[in-house]
Amino acid sequence: MFEILEKKVWSDEAPKIKEFMVKAPEIAKAHHAGQFIILIVDEHGERIPLTIADTDVQRGTINILFQEVGKSTMCLGLLNKGGRIHHVSGPLGKPTHIEKFGTVVCVGGGIGIAPVHPIAKAMKDAGNKVISILGSRTRNLLIYEDKMKKVSHEIRITTDDGSYGRHGFVTDELKHMIEVEKIPIDLVVVIGPPIMMKFVCKVTEPYKIKTFVSLNTIMVDGTGMCGACRVTVGGKTKFVCVDGPEFDGHQVDFEEMMMRQRQYLPEEKLAKEICEKQTCRQA
Amino acid sequence: MSDEKPTKGRQETKPKKPKIPRQPMPEQDPHQRAKNFSSVTLGYKLEHAVTEASRCLQCKKPFCITGCPVSINIPKFIKLIQEKEFLKAVQAIKETNLLPAVCGRVCPQEDQCEKVCVVGKKGEPVAIGRLERFVADYEAEHGEVPLPELPPKTGKKVAVVGAGPGGLTVAGDLIRRGHDVTIFEALHKAGGVLVYGIPEFRLPKAIVGREVKYLQRLGVDLRLNHVIGKIRTIDQLMKEDGYDAVFIGSGAGLPWFMGIPGENLNGVYSANEYLTRNNLMKAFEFPVYDTPIKKFKNVAVIGGGNVAMDSVRTALRLGADNAYIVYRRSRTEMPARKEEVDHAEHEGVQFKNLTAPVRVIGNEQGWVTGLECLKMELGEPDASGRRRPVPIKGSEFTLPMDAVIIAIGTSANPLIAQTTPDLKLNKKGYIEVENETTCRTSKKGVFAGGDIVTGSATVILAMGAGRNAAKAIQQYLQTGEWWKPNGNQ
């Protein structure tokens with residue numbers, strides 16, 4: 001059992017975004033930027049992968065940030081400070097390849113900003129110039145702005161509705177940086193919805209700017225045993241859990257990945273309905 | 001027609017005892033059981049067991065013991081059943097095998113102890129496996145199992161990586177030698193393939209849980225959710241955490257796919273995924289349990305091993321109208337246990353033998369709609385000694401299908417090897433050991449056994465490796481002696 005030491009509900013406008021600080025000293029100690037955990041909310045829960053957003057080795061804690069979209073995240077969100085998550089396994093996946101590249105642009109979209117955070121931090125620590133682009137639908141849903149400021153040399157914000165920063169998408173900002181500002185970029189790291197990662201890759205590809213994406217596919221065990229998370233990268237089948245979660249974005253077959261992500265939509269909907277009717281076991 | 005033969009004079013003078021037939025195993029009706037996840041076989045009742053035990057000849061030179069990978073004293077425990085000393089019988093088994101309830105159910109006895117049983121030379125062998133299961137279940141039903149007396153603590157610490165059949169055996173053997181034993185298990189439940197792979201209808205998970213509890217009562221420290229190679233490395237266990245020896249029993253790893261077009265379509269699964277969802281995560285009880293599984297109408301399982309049989313029988317139980325085994329050789333070459341193949345057939349599984357898949361066909365939404373196959377014929381024997389399947393030209397045909405489950409084996413999991421550079425692997429990525437008896441790897445103090453050494457095999461072979469490794473670890477802890485992996489270097 002893993003105790004929740006702190007719970008943060010993001011804001012009144014974004015009540016579905018929540019962040020936990022969880023006591024997991026061994027995981028905190030072993031964690032490297034880019035790695036994830038798999039958790040099980042309770043006895044009947046499924047194994048869900050979540051990327052680690054922050055760690056505190058001294059306190060022996062890890063932070064996870066999630067948005068309630070389906071039953072498992074809704075059940076997770078019902079837990080409070082002092083509550084316990086049944087199982088947490090990690091750190092899993094390969095760490096991000098960190099070295100001095102030069103100028104690194106870290107792009108985070110939606111709650112994807114949280115997993116970008118430790119990567120930006122590690123990139124900055126390694127001597128890179130870190131420029132971060134944070135994208136959100138609207139200002140109220142923007143997360144981690146202050147945290148990202150601390151680990152970036154420069155920060156840029158975009159919102160779909162123009163309520164904050166550039167009116168547009170992260171791709172617009174990135175394109176502007178490349179084409180108008182002519183900033184020489186050595187590496188782009190992007191985490192967010194698959195469609196956003198796909199379009200960021202489309203922006204960087206003609207300029208041959210190396211682009212890492214971190215994929216969050218459906219997983220069961222998360223240790224290389226089941227292959228549920230498989231994706232095609234450079235024409236070859238790879239397992240996100242042991243070969244990733246980071247890949248060269250220009251090689252990823254995003255269409256196939258997005259198609260595979262939709263496999264359990266009807267089941268997810270059913271589970272959510274049961275949960276919303278409060279007929280589920282947590283109610 | 002009559003089978004009666006003229007009686008010979010010798011038998012007239014010395015009347016022979018009436019021959020007792022091998023006692024059949026009571027099972028659930030095939031049509032009924034194909035729709036539920038309860039145990040297929042129901043186990044002997046007390047009277048069946050005693051009658052069956054009476055068939056044992058108590059051979060002076062018992063071949064059955066040599067046929068058993070963990071050398072259970074089979075005549076001894078059967079004699080105790082004859083004497084109705086059931087609890088003593090199970091203790092006799094536990095001298096060499098800590099998991100009789102498991103082995104009695106899933107061991108391929110027909111290829112081991114029962115294959116060499118003398119009674120079997122002129123008729124059917126003694127049902128050793130069924131008797132083993134009977135006494136193990138009898139013990140479980142008759143109160144708490146007593147704990148053996150443990151020797152004083154040696155002060156030595158052993159880490160076991162993986163709580164599968166190999167790791168559990170090592171842990172059980174070494175805790176009884178007075179060592180401190182910690183098992184690190186990657187998943188959230190102990191048992192390895194016994195919980196994620198073998199279905200409930202063949203091995204109820206409560207039985208595995210019981211055996212694991214027993215080890216914990218003996219003092220084994222079980223740490224779940226510990227993926228060694230990630231949360232701790234082998235080096236950290238030995239250098240920082242003070243373990244004197246490590247046993248790696250991390251099991252079969254990454255599932256093989258076939259490399260045919262359409263394999264990443266929705267509705268194509270590895271057997272590992274399909275079975276793990278169902279067995280470990282209890283997806284057959286969705287939405288009571290959160291992990292979903294699809295209830296497909298037409299399901300093809302590729303492969304002819306036990307895992308393929310488990311998968312196809314699971315598909316039937318989840319409601320498939322047509323559940324097929326697609327296998328490129330013939331039934332004779334199938335590596336699955338005959339009993340499993342027979343059970344599958346009785347339950348309504350359709351066998352497409354001498355058939356090789358060439359392409360998975362999908363629709364615009366990315367879902368499987370069919371499986372294109374090619375007819376095969378058998379040619380000359382190959383390296384495995386089985387006749388090689390050869391495609392028949394122009395024999396392509398398509399089966400309408402909603403799901404395809406691939407059960408053609410696994411390759412080695414890389415997680416431990418990636419973080420243990422001085423651990424020598426073979427060409428296929430499995431851990432190299434000195435030999436089967438010592439289980440010593442190229443790294444001092446580190447032993448390995450089971451599927452991570454041999455590639456996909458059976459529960460009992462992993463247990464046999466665990467038994468050997470435990471002996472070798474005991475010797476190493478006493479003497480500190482190691483081998484020279486690189487000969488004279």
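Me: What ipTM and pTM does the predictor give the complex?
Reply: The ipTM is 0.94 and the pTM is 0.92.

Me: And chain B, what is its average pLDDT?
Reply: The average is 92, and 96% of the residues of chain B score at least 70.

Me: Where in chain B does pLDDT stay under 50?
Reply: That applies to residues 1–12 of chain B, for which the model has two contacts beyond four places in sequence. Where pLDDT is low, the predicted coordinates should not be read in detail.

Me: Moving to the fold, how many helices and strands are there in chain B?
Reply: Chain B contains 18 helices and 14 strands. Its C-alpha atoms fill a box of roughly 75 × 65 × 50 Å along the principal axes.

Me: What radius of gyration does chain B have, and what would a compact globule have?
Reply: Chain B has 24 Å, which agrees with the value near 23 Å that a compact globule of 489 residues would have.

Me: How much of chain B is buried?
Reply: Of its 489 residues, 57% count as buried. The chain exposes about 21700 Å², and carbon and sulfur atoms supply 52% of that area.

Me: What share of the contacts in chain B join residues at least 24 apart?
Reply: The share is 69%, taken among contacts between residues at least 6 apart in sequence.

Me: Now B:R440, is it buried or exposed?
Reply: B:R440 is buried, because its relative accessible area is 17% and the cut-off for buried is under 20%. This arginine sits in the loop between α16 (415–418) and β14 (446–448) of chain B.

Me: Which residues does B:R440 touch, beyond those up to four places away in sequence?
Reply: The partners are B:E432, B:V433, B:E434, B:V446, B:F447, B:E481, B:W482 and B:W483.

Me: What is the phi of B:K282?
Reply: Phi of B:K282 is near 55°, a positive value in a residue other than glycine. B:K282 is also in the loop between α13 and β6 of chain B, and at 14% relative accessibility B:K282 counts as buried. Most residues other than glycine have a negative phi, and most peptide bonds are trans.

Me: Switching to chain A, what is the phi of A:K208, and is that residue buried or exposed?
Reply: Phi of A:K208 is near 50°, again a positive value in a residue other than glycine. A:K208 counts as exposed, at 75% relative accessibility, and its place is in the loop between α6 and β13 (211–214) of chain A.

Me: And where does A:P193 lie?
Reply: A:P193 lies in the loop between β12 (187–191) and α6 (194–204) of chain A. With a relative accessible area of 40%, A:P193 is partly exposed.

Me: Last one: how many residues of helix α2 of chain A are buried?
Reply: Seven of the eight residues of this helix (residues 71–78) are buried, among them A:M74, A:C75 and A:L76.

How values were computed
Residues numbered from 1 in each chain as written. Chains lettered and ligands numbered in written order. Predicted model: local features only at pLDDT ≥ 70, side-chain atom pairs only at ≥ 80, totals over all residues. Heavy atoms only, no water. Helix = DSSP H or I, 4+ residues; strand = E, 2+ residues; numbered from the N terminus. Rg over C-alpha atoms; globule rule 2.2 N^0.38 Å. Buried < 20%, exposed > 50% of the residue type's maximum accessible area, 1.4 Å probe, protein only. Contact = heavy atoms within 4.5 Å. Areas by Shrake-Rupley, 256 points an atom, 1.4 Å probe, with all protein chains shown as cover. pLDDT = per-residue confidence, 0-100.
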